[in-house]
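Biologist: Please show me the model and its sequence, and then let us go through them together with a few questions.

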Amino acid sequence: MARQRQRLSFYLLFIPVTFFSLALLLTWNSLGLLCFTGFKVSPVAASISILAIADDQLLLSPNSSKTYKNPNFLHVSRKAYTSPNSSSAPSPRPLSFSARATAFFRCHPPCAARFHMNWISKHQNFSRRELLSIESIFKFHPQACLLILSSSMDSPAGAQLLKPLTSLGFRIASITPDFGFLLNQTPAKRWFRRLQQGRLNPGEVPIAQNLSNLLRLAALYKFGGIYLDTDVIVVKEFSALRNVIGAQTADFAGNWNRLNNAVLVFDKKHPLLYEFITEFALTFDGSKWGNNGPYLVSRVVERVKGKRRFEFSVAPPPAFYPVSWTKIEGFFKRPEGRMHEKWVEAKLENIRRESFAVHLWNRWSRDMAVEEGSLIGRIFASGCVLCNSSSPNQLSK
């Protein structure tokens with residue numbers, strides 16, 4: 001009788017524990033699958049009050065009638081994206097941004113490096129050149145993970161654009177950002193709330209650009225890693241870099257006079273990132289180009305340099321900005337004559353020796369053709385993964 005009672009007690013304990021463990025395992029496994037198949041299933045927009053960075057307009061809140069017309073924004077509802085052939089059956093409850101992003105970065109094997117990008121335009125504008133920027137990341141960091149914060153790329157169409165790389169096993173996830181989650185416990189949370197409520201003038205500069213400036217800081221503060229603009233080509237492994245921001249220009253003595261935020265390398269919750277976010281919230285001006293981006297990081301670094309709790313370094317211009325935007329056109333031209341050819345070869349050697357990445361300044365160079373034998377053409381060739389599709393004609397589109 002006593003033995004029967006012991007068996008009964010064992011089964012009463014064993015069965016609930018087994019079912020609980022199985023449920024926990026299935027839940028974790030469903031999140032873990034995002035590491036590899038999250039970009040293949042029908043992704044969903046996160047449950048957020050605002051968003052989307054795409055192309056028509058921005059509806060700041062479901063409860064607000066305030067709509068800012070802007071060519072870089074599109075209101076996104078909370079519906080799931082579905083393929084044209086999908087059924088109209090109700091979708092399961094969408095995973096939140098935090099669940100998707102956290103699961104992605106917990107992939108196995110672990111990410112050798114965490115890269116971040118923003119895409120604030122419609123997916124139709126995502127060209128071969130942007131894809132090559134992503135290729136260059138994995139050319140030098142094949143075990144890295146790339147998180148693209150974008151509503152337009154968080155879609156079947158966006159997944160299709162990235163398929164040439166994801167089909168090779170490279171880990172890329174496009175997720176609609178949740179500003180509420182990313183800005184939580186930062187000074188920018190109240191700033192964003194005021195923007196949602198229509199109590200803040202967004203200014204003349206497209207609000208998408210300024211939100212992108214904030215988004216990169218918030219994502220790095222929350223997750224840590226490396227942020228790159230989509231017009232940055234990686235030319236060397238970043239493993240030697242930690243807590244680094246790059247100088248755009250410097251004087252003859254090597255002292256920087258302007259920084260840029262197109263490349264940022266920082267640990268999670270680094271105090272300088274918090275200082276950048278604070279400065280954004282306190283000094284936001286939507287009518288001055290660069291005030292909330294390159295000029296912001298320059299102001300803050302000038303103010304905090306030398307203070308012990310801020311441990312970071314400023315990389316010299318060749319590290320990320322070996323060419324000025326004023327001279328970028330010459331990098332797209334084919335060599336004319338032997339002297340020009342020697343200059344191209346010498347410049348390419350300098351970049352290979354001194355640079356980690358090259359900023360292409362797409363604002364000025366987007367419509368420039370990549371001529372055969374040009375310096376940029378050679379940089380593209382050294383950073384491509386899908387090299388057979390990297391013809392000069394395609395790269396100038």
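Modeller: Helices (H or I, at least four residues) and strands (E, at least two) are runs assigned by DSSP and numbered from the N terminus. This is a predicted model, in which local features need pLDDT of at least 70 and side-chain atom pairs count only at pLDDT 80 or more, while totals for chains, interfaces and linings use all residues. Residues are numbered from 1 along each chain as its sequence is written, and side-chain values use heavy atoms, with hydrogens and water left out.

Biologist: What volume does the largest pocket have?

Modeller: A pocket is an open set of points on a 1 Å grid over the protein atoms alone, where a 1.4 Å probe fits and protein lies on both sides within 12 Å along at least five of seven lines. With points joined across faces, edges and corners, and the volume taken as the space filled by probe spheres set on them, the largest pocket comes to about 1,100 Å³.

Biologist: Which of the residues that line the largest pocket are the closest to its centre?

Modeller: A lining residue has an atom within 4 Å of a point, and 35 residues line the largest pocket. Those closest to its centre are Q209, D229, D231, W289 and R363.

Biologist: Which element gives the most to the lining of the largest pocket?

Modeller: At least two lining residues each come from β9 (256-266), α10 (294-304), α14 (362-365) and α8 (207-223). With five residues, the element that gives the most to this lining is α8.

Biologist: How many residues of the lining of the largest pocket are charged?

Modeller: Asp, Glu, Lys and Arg count as charged, Ala, Val, Leu, Ile, Met, Phe, Trp, Tyr, Cys and Pro as nonpolar, and the others, Gly among them, as polar. The lining has 17 polar and 11 nonpolar residues, and its charged residues number seven.

Biologist: Which strands stand at the edges of the sheet?

Modeller: Two strands pair if DSSP finds at least two bridges between them, and seven strands form an open, mixed sheet in the order β5-β4-β3-β6-β9-β8-β10. Two of these strands have a single partner each, so one side of each is left without a neighbour, and these edge strands are β5 (171-175) and β10 (313-315).

Biologist: Which residue in β10 stands opposite I245?

Modeller: Strand β8 (residues 244-250) pairs with β10 in the parallel sense, over three bridges. Within β10, the residue opposite I245 is V314.

Biologist: Where does K269, with its positive phi, lie?

Modeller: K269 is not a glycine, and yet its phi is positive, at about 60°. The place where K269 is found is the loop between β9 and α9 (271-283).

Biologist: What is the phi of W361?

Modeller: W361 lies in the loop between β11 (357-359) and α14. This residue, which is other than glycine, has a positive phi, near 55°.
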